[in-house]
Amino acid sequence: MTSEPLAVEYYVPLIMFLIMGAIVPIAALAAVKIISPLKPNRRKLSMYEGGLVPIRDARIQFNVQYYLFAIVFVIFDVEVLFLYPWVYIYASEVMQRVMVFGMNIAVFEMLMFVAVLLLGLLYAIKKEALRWV
Amino acid sequence: MDLGYYAPLGAEALLTGVALLVVLLGLFVKNKNLGGYLSLIGLGIAMWMVASAKLGTTFFFDTMYVDGFSQFFKAVFLAVSILVVIASLSRYKNHPGQDEYYALLLFATVGMMVVASAIDLITLFVGFELASLSTYALAAFDKEKKNLEAAMKYFIFGAASSALLLFGFSLLYGMTGSTRIADIAAISMADFGPATLVALIFVIAGFAFKMALVPFHMWAPDTYEGSPTLVSALLAAGSKKMGFAAAFRIILVALMALRLEWYVAFAILAAVTMTLGNVVAVWQTNVRRMLAYSSVAQAGYIAIAFVVIGAVSGSTNPDATYISQLGLAGGLLQILGHALMKTGAFIAAGVVGYMVLREGKENPDDIENYAGLGQRAPITAFCMLIFLFALAGIPPTAGFVGKFVLFNAAYDAGLLWLVLLAILNSALSLYYYLRVIKYMYVYKPAGGRISEPKGYVLALLLATIAVVGIGVHPEPFIGWAMQAAAALLP
Amino acid sequence: MYSDYAYLIVGLPVLAFVLTIFLGWHLPKGGGFFTVLATFGGFILSYGIFKEIYPNEILHQSMHWFANFNVGILIDPLALVMLLMVTFVCTLIHTYALGYMDGDHGMARYFAEAGLFTASMLGLIFSDNILQLFIFWELVGLCSYLLIGFWYRKPSAAAAAKKAFLVTRVGDVMFLAAIVLLYNNLASLNLTLPPGEYLLQFKVIYQNVAAIPPDQLTYIALLFFGGAVGKSGQFPLHVWLPDAMEGPTTVSAMIHAATMVTAGVYLVARLFPLFYAAPSALLIVAYVGGFTALFAATMGLTAFDIKRVLAFSTVSQLGYMMLALGAGAVVGAASVGVSIFHLIGHSFLKALLFLCAGSVIHAVNTNDMREMGGVGKYMKYTAMTMAAGGLALAGFPLTTGFFSKDEILVVAWEYGSATTDFIPYILGILGALLTAFYTFRLWFVTFTGEPRSDYHKHESPWIMLGPLMVLAFFALFFGLGAQEPFYHYLESNFEHYDVNFEALAAVGQHHIEEGEAAHEPFIIKILPIIVGVGGILLAILFYYPRFRKLDTRKFTTENDPIRRILLKGYYQHEIYTAWFAETVVYGIALLSNMVDIKIVDATLNKISETTVAFGGSLRKAQTGIIQNYILAIIFGVVVLVVLIKLWLEVSI
């Protein structure tokens, strides 16, 4: 016999998931607490850094230029990713049909895209974002 | 296929080009206001293109659509940007980063315009993010401590909301197998159980962040108060309306099948938003914060449009189509009016801020600084007076027309409780608007007369003329809004 | 060609208002020449339109406004003559004000307000629907408030402005009620109007009055008349007019003599078909008008303030205009011509008299006639022009006032002979005698005899005298030339709308005279001349030093009750203010106040306190911490999901 499931029934897997999600980490932590022997000494509690004794504060300041480079890198890196979907649709029949300025629209759009990217690069260079001081 | 086919989207293309050109020229030419004037010309031409565009065509493989509805919003966005740029010509004269400022402003405008035209979830999201990212950067433009805090809060809040929105979209895609609004609308949602509700609420929450509906409004007061004043104007008047543009399209068209669900959601949101916005605004002594809460409250009024449409569509009422169109038209008129008067009010606050900073005092937006403004800066004070009256919905101003049509539609839809609540709220709002007016005209001036910056004054006067013009001669605007509404809800 | 620019008749003064209020401070003479030029431009346009449409056309332009309303321009004969008069007289008065107001630090404000006033008055005249007329009517009232209180630091001026505003407001409320009532009645007729026609347009009103139930018509007409009574200072709402003399004299000339106060008469004339169709409405108009004419004239006998005498005279003359309109119950639409002719003539001569008085006040620095005397020796031109105005007002043969007042008395007599109700006529003829008397009392006391105080003895500058000369010319000779064509032109006014007065008479239960109108006896023809000249002669005997034969003291004593009543203005102040306002109204006010504070306010305060406190606690949710904000989003999503789910479960 099948009947319309109650609204609540939709949530049963979710609730199960939530409960399990809560139980598992707590259980793991508790298991460690219970099972492992606790014998701390000074050496065990010290910070580990490649076998050497750590010196000075662990928090150091990076040169702000590093972020600038990182941002520019990430931007261009991510934008290169756009080439993949482009390749995917480039060969499609629709793209071949539509022509702009005598060229395939996919080619035209990619040209526009690269031109804008180049403008961005020009901007970054001109603003001296890529010069390490 | 020739390029002429794409002419209706010429405004977007033009503005993108102008934005790039402004940045590029800024690299080589050192002219104190070149970028601003270029942007202004570009926006002006774009306005003309929007007004004269051929309606009813789809573009880019059914992802963008130019109709009366999209053009209405584009005109609103362009009007706001024009006003902001005019005022910026005074504010950011000789400012070292002005090219980036204008370019970002134009990109934000383009993003909003793309959203207005988008009929595909991905295109819509791209436009949404373009506008958001540009405004995140703009919000920190003055690089003062307060700016940075405002921009940071805006950014984090915006990122969280975008995540929700995207999650909602992905659920919709998962259920319907398409990102096109028309396809989504064609599929009955009944088979998907509670997931539809979750998707709907995520989408609403994502948009409600932009619309600043309670409780998704938390960023708004901090950001409107902390950002550069002109950017606040853009956020409150432009970017917020983008949220409505997107929500109208997605919720009223794509998710019409979930009418019952969103009807309740917006009834709650509208009622809570306008009440909370007004009640909290009463407490504010910072004028920009007060304007921010008033903006929240206005969003509540506009959200009534959703409730009206939810209440009548599918009902047996013979006038159902007309009432839903009237409701949407009321919302659109309120959007148009609010965009103009809120831009104006923020620009007026900008004049005061400018004046206070010149005197070397702190807290530029404190209401104490408005004392005797009627004598110190008569034009600004007078325009502010008009905007405040318009915000309170006093005839003959644009604010009255929007509220009148909207409440009328709500009444016709049988939402008497909501109309009463909205009218009570309007009455309450008079309290804090009148307080500013009292400061401006009753209290003794704190200093001598000041020279009002030309750009600000021009923008203020334009906005005042528009606000009063719509109020005095509302017929063509009502007709325009009805046409836009009919384009969305045939 | 001029017709295409008709909107500029109002547009130019509005422009002048904007220019003077923003730029006036930096310009010589407060930028007053803007106002003068704008008003003169209005006159040129009006005259051009007159040339184009006289005598057989009307000009009507209309534009959709919103819902069932329109804005429009209607220039028919009635509006046209008013436009010409207002622009002409206002141009002269503004010119005069350039001299009169010179040196006042509020000059720019004066000319801005005067420009706005001119614009409102002109807008009132050429409105093509009653709603638009009402809007301008209110604007006129606002401007008069601003201008009466022009010297707002003077307490009496501020009080007078308030009084004028409040008293006319009583009339305005009735006016608005009349519009609402009229609209309801017209709307219930379910007319199918062709596009471009609107319910409240005069044309539509004229054509449909006959269909409205007569009792409703009477209410509507009387409410409209209530508005006119307020604006035109008819009994019992005339009390604001004498007080309004606190404003600058040019204001008195412009607003309280020549233009604004005539708006009430204009309203009744404009709606004459409606009044005609309403049973007994015109009877009340005639009685109120006649009574006011005599009543105000008696008060003019004893006043000492030169401007107050003229103010009472204005009230009295407005009464004549109403009386003429009221007589329309018998003579029909012709009475509109008679009334408006007196209105136009009166505008010239009253503006003249006020400006002359202003000229005198300008020189001697007092309003009190008891401190003047012998001014004529030093101010020859002013004395001459004022004499011209006085003669015209008194109805001396062949002056403008003679023709117009004579005609009013004739129609009043016709009214009497047709209905055997001679009371309005008797009131009118007595009033005419008194008019002549008090006018020349004013003139002799001011200009003849010996100086009774030490005043500046100098003539006014030419910029002030010029307008006086022009006005004097019109006050004397306008009637002679214009009378006949004027009556014809105005009589044709309602023909443009195909108003069927016979059908209306049936509704209004008027007796229509058959055949030739009854000829008035010879005595009736010359009686106006006799009373006019007689009044002047009496004044000479009492007040002109060289011929003084009679002394007022022989006839009255200080304690004479009649004299005292007149001096006190029939104890109106005591009745209106001391008794009615301070006892009755104040008592009710106290009671209402108690209810208001104890019950209404207390409740509202409680509500607002709660609201504000609620807001205060809500405000705390805005912590400024971004983590809490994000929490709010999650909270919002969860609450929405739960609420919607619950609601759907419940409702389905």
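Among contacts in chain C between residues at least 6 apart in sequence, those joining residues at least 24 apart make up 81%, two residues being in contact if their C-beta atoms, placed from the backbone, lie within 7 Å. The model is predicted, so that local features need pLDDT of at least 70 and side-chain atom pairs count only at pLDDT 80 or more, whereas totals for chains, interfaces and linings use all residues. Residues are numbered from 1 along each chain as its sequence is written, while chains are lettered from A and ligands numbered from 1 in the order in which they are written.

**Chain C**

Chain C contains 26 helices and two strands; helices (H or I, at least four residues) and strands (E, at least two) are DSSP runs, numbered from the N terminus. Of its 652 residues, 53% are buried. A residue is buried if 20 or more other C-beta atoms lie within 10 Å of its own, exposed if 12 or fewer, and partly exposed in between, with C-beta atoms placed from the backbone.

C:Leu23 belongs to helix α1 (residues 8-23) of chain C. Because 14 other C-beta atoms lie within 10 Å, C:Leu23 is partly exposed. The C-alpha atoms of C:Leu23 and C:Ala108 are 8.4 Å apart, although 85 residues separate the two along the chain.

**Two helix pairs**

Axes are lines fitted to C-alpha atoms, for helices over the stretch in contact, and angles run from 0 to 180 degrees between N-to-C directions.

| Helix pair | Axes come within | Crossing angle |
|---|---|---|
| α18 (residues 400-419) and α20 (residues 462-491) of chain C | 6 Å | roughly 55° |
| α5 (residues 121-139) and α10 (residues 229-254) of chain B | 11 Å | roughly 165° |

At roughly 55°, α18(C) and α20(C) are therefore oblique to each other. The contact involves C:Thr400, C:Phe402, C:Phe403 and C:Ser404 of α18(C), together with C:Ala475, C:Leu476, C:Phe478, C:Gly479 and C:Gln483 of α20(C). These residues comprise five nonpolar, four polar and no charged. Ala, Val, Leu, Ile, Met, Phe, Trp, Tyr, Cys and Pro count as nonpolar, Asp, Glu, Lys and Arg as charged, and the others, Gly among them, as polar.

In chain B, the crossing of roughly 165° makes α5(B) roughly antiparallel to α10(B). Angles under 35 degrees count as roughly parallel, over 145 as roughly antiparallel, 65 to 115 as roughly perpendicular and the rest as oblique. Among the residues in this contact are B:Leu124 and B:Phe128 of α5(B) and B:Val231 and B:Leu234 of α10(B). The contact of α5(B) with α10(B) has ten nonpolar residues, two polar and no charged.

Chain B has an average pLDDT of 90, and 99% of the residues score at least 70; pLDDT is the predictor's confidence in each residue, from 0 to 100. Within chain B, confidence is lowest in helix α14 (residues 373-376), with a mean of 86, and highest in helix α4 (residues 98-117), at 94.

Chain B contributes 29 residues to the contact and chain C 27 residues. On the side of chain B that touches chain C, two or more residues come from each of α6 (145-176), α8 (194-211), α9 (219-226) and α11 (259-281) of chain B. With eight residues, α11(B) gives the most to that side. The residues on this side of chain B divide into 24 nonpolar, one polar and four charged.

**Chain A**

Chain A has six helices and two strands, which follow the order α-α-α-α-α-β-β-α from the N terminus on. Of the 133 residues of chain A, 0% count as buried.
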